[in-house]
Amino acid sequence: MHNVSQSAAEQVRRSFLGGPDGVSEWFQSLDHKRISLMFLAWTAGAFLLAMILAIMPLVKAVGGRGLSAQLLFETLTYQRLLHVVAWLVPAIPGIIGFFLLPLQIGASNMAFPTLSRCSLRFYVVGLVLMLGSLATYPVGSGWTLDTHLSLLDPGAFGVLMVGLFFMGLSWFLTGVNFIVTVHHKRREGMGFFDMPLTAWGLYLYSYLLVLSGLIFGIIALYMAASWVTTEGLFGWKSDPMAWRSYFWFAIRPVTYFAMIPAVGIVSDVISGVSRKASTGYRTMVGAMIALTGIAVASYGVSLVGQGLSPAGTLIFSALSLLAAVPVAIIAITWLSTLYRSSISCSSANVFCNAFILHGGIASLLGLFLASPAVGAFLGASMFASAQLDYIIWGGVSSALMAGLHYWWPKMMGRKYSDDVARIGAVLYVVGLNLALVPRLIMGTKGVPQDLAGLVDSSLRLAEVSSFGWLCVYFGLAVIAGNLLVTIWGDEAAEENPWGATTLEWTVPSPPPEDNFS
Amino acid sequence: MIGSANLSAWFPEWGSTHAPDVDVPFFDIYVVTVTILILTVGLAVVFTRTFTRKEGDPEQMPAVGTNKILLGLGVVGAIALAGFAFQTGLSGFVGQRVAPYGAFEVSVTAREGVWDFTYPDGHVADTLRVAVGQPVHLTMTSQDISQNMSIPDLRVNQTIMPGHTTEAWFETIRPGTFPIRTGAFSAATYDSMTSVVVSLPAEEFAAWQAAVGDIFAGRTMAEVGELLYNQQGCKACHSLDGSNLVGPSLKNVYGFEFLTTTGETVLADDAYIKESILTPNASVIAEYQPVMTPYAGILGDQEIQAITEFLKTISDRGHTGGQEDK
């Protein structure tokens, strides 16, 4: 990894990859770029594990025998938890955020380098505890950890909850770090409205990370205590709606609205590859701010069809429908940016369009779920969980891949094969929709949420869906492999292949340890 | 419209009057959203193909502001869309919450994987039988975990939770057997289907009701008594094995003598047992509180006779004591 091409400039200023690279040097590192790469490795690992776990329900769905109910519940529980807690939330801030935030605002590092390292370490501790409970006494009460079912769970529930506590802590610290960095580390002369949209998205999302991380961490501990004593806030005598409300208040904003930094990334990528500044920059920022507010205000829509009162259903449905306005603005702004631009067609484009497709579907599905009669019927069905799938596997993943393909030359100083990336992208997009549309249909037929493929009557649909997943897995393997091989290759990337104008493109690829200077 | 040919792929066949309340708004929104999606993604793809970088393009294209009119249209469109989605599902939602007056009342008690449906006549069953065309009102609670009572064919979905009483109602429009799913991660509900709603034509339902309504049909008096002991809540306060709960055990009651709170001694014969059930506080057994529910107006003579017969079978003096004294 250290034999980076020895251009004259780099002999003077060593790239961040070029320093000592023993395991302990990496793990001790305070450099935001190294932390980002470590987040990439850990979150990708968690994602991979969740993918492997997701195979089990698929096998069951197409008629696999010999899988006990308990085993199935356990895999479903961990698969979703890993996806949401260890990937969906931390991936964008961890990978794109830690790498780019300082570079985009002209800073040498995060405001609190030690907190960056803490974020990573707490993430690792959380992940290890979660996996520890999986490896010893797995919990099988579903990823939303419903009170009464969880209290009855014979697994290592307490360990899992302490793991989730550390995850929450990691989100919280990341959020604090990003907010302070944006406030105090911007380069002289760069105002808030001069920041690239990725930085804006990360900044706004940080508020959600702080809020959710804190609440989620605390209720996870309370839940652990209730599991041990069967008493307390979430104990046996508690109202089951108490846990559900706290849980969704903490989780809904950071999960469904992980789309906010994703929107930031896609805006920058679109503007970069089309060589045109984002149309309506301030409108875009406004739309993102509105989404952040709606994220918190509309949390209760996740409870529709799951015990929310009729009045609550109407109020939260209406609140969540407000999101239609910022989403429409974002779509119009992107299309205006693309119009009469000069696009160097690349895989990054394909991923941006994939984001428009998947993010669009996820948002439009929100209309169904916020239409009271429809939401009340489908709110607890696989239709609703397929919406979350569209966010996890679709929206956020597409944005992340768009970002990675756009910034990879900067991050690693290496060129990847654009053609191979496109093949992977097509497999991924086609596969994902083949996988998820049948799940939407199964939801309307009454297959309950998260219980993938348990109903015989939908066997045909389950088969189509499983075939789709196969394509997704294959596509993702192609995409990841294509990027990974460049680490050992030696085709150096240009410093600014897209001719982009944001600050991160002014430093060498890969950036030196102290970024600017 | 794309996909409209396949609309029937969505949702199960209509089974209740609620079905249009859910399906019609769903398809309204479906048509609109599919159009929007095709338009947006289509434009994005067309633009990326059309405006590719050409020889002679400047390093950076000139930035332009947003078209205010377009933006305005977008905002108005979005508000209209949101309002439309809300409104189209509103009346159905409200209608589903308000059961018609005079609906057939069934109370539902759920445990993990077990359903108790209690009919107006006190009959308890683990499947829900209803008549086509008759509104049914469910009052539901759970004794342990939270789960859903989801009947996809009838478009019913309501949560059942400990400590909460929730309601739902429906009116079936065709005979059939409709699965009830719970969605709980519980091995007891593994196939996520624990019970069914059986919708019967009105005459068949009436016949069935008459058969179960007549608890004496095909049972001996003692068997009916045992059934009543289980159904009428006696078992909450009285054991059959000699252990005393809130009330004395009913084992060895018939034909035995008891001391009352006023110091009298009473013999538990037919007349006394009848009195104990109908007006329990008339004479209260010593060391017990006068808390027993009076069953006057609930249990008739024949039922009490049945209970008495049942008590005889679990008493050592069932065939000697009492009878002779009469």
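Reader: How many salt bridges are counted between chain B and chain A?

Author: A salt bridge is a side-chain nitrogen of Lys or Arg within 4 Å of a carboxyl oxygen of Asp or Glu. Between chain B and chain A the count is one. B:Glu59 pairs with A:Arg275, and their closest N and O atoms are 3.1 Å apart. This is a predicted model, where local features need pLDDT of at least 70, side-chain atom pairs count only at pLDDT 80 or more, and totals for chains, interfaces and linings use all residues. Residues are numbered from 1 along each chain as its sequence is written, chains are lettered from A and ligands numbered from 1 in the order in which they are written, and side-chain values use heavy atoms, with hydrogens and water left out.

Reader: Which elements of chain B give two or more residues to the side that touches chain A?

Author: Helices (H or I, at least four residues) and strands (E, at least two) are DSSP runs, numbered from the N terminus. Here they are helix H1 (19-50), helix H2 (68-88), helix H3 (90-97) and strand E7 (156-160) of chain B. H1(B) gives the largest share, 15 residues.

Reader: How many residues does the contact take from chain B and from chain A?

Author: Contact means heavy atoms within 4.5 Å. Chain B gives 70 residues and chain A gives 83 residues. Buried area is the accessible area (1.4 Å probe) that two parts lose on being put together, summed over both. Between chain B and chain A this area is about 6,500 Å², and carbon and sulfur atoms give 73% of it.

Reader: What is the strand order in the open sheet of chain B?

Author: Strands of a sheet pair through backbone hydrogen bonds, either parallel or antiparallel. Two strands count as paired if DSSP finds at least two bridges between them. This sheet has five strands, in the order E3-E2-E1-E5-E8, with mixed pairing. Strands E3 (124-125) and E8 (166-170) of chain B stand at the edges with a single partner strand each, so one side of each has no neighbour in the sheet. E1 (residues 104-111) and E2 (residues 114-118) of chain B pair in the antiparallel sense over five bridges. B:Ser107 has B:Thr118, in E2(B), as its bridge partner.

Reader: Where in chain B does pLDDT stay under 50?

Author: pLDDT is the predictor's confidence in each residue, from 0 to 100. It stays under 50 over residues 1-5 of chain B. Residues 321-326 of chain B are also below 50. Where pLDDT is low, the predicted coordinates should not be read in detail. Chain B averages 85, and 92% of its residues score at least 70.
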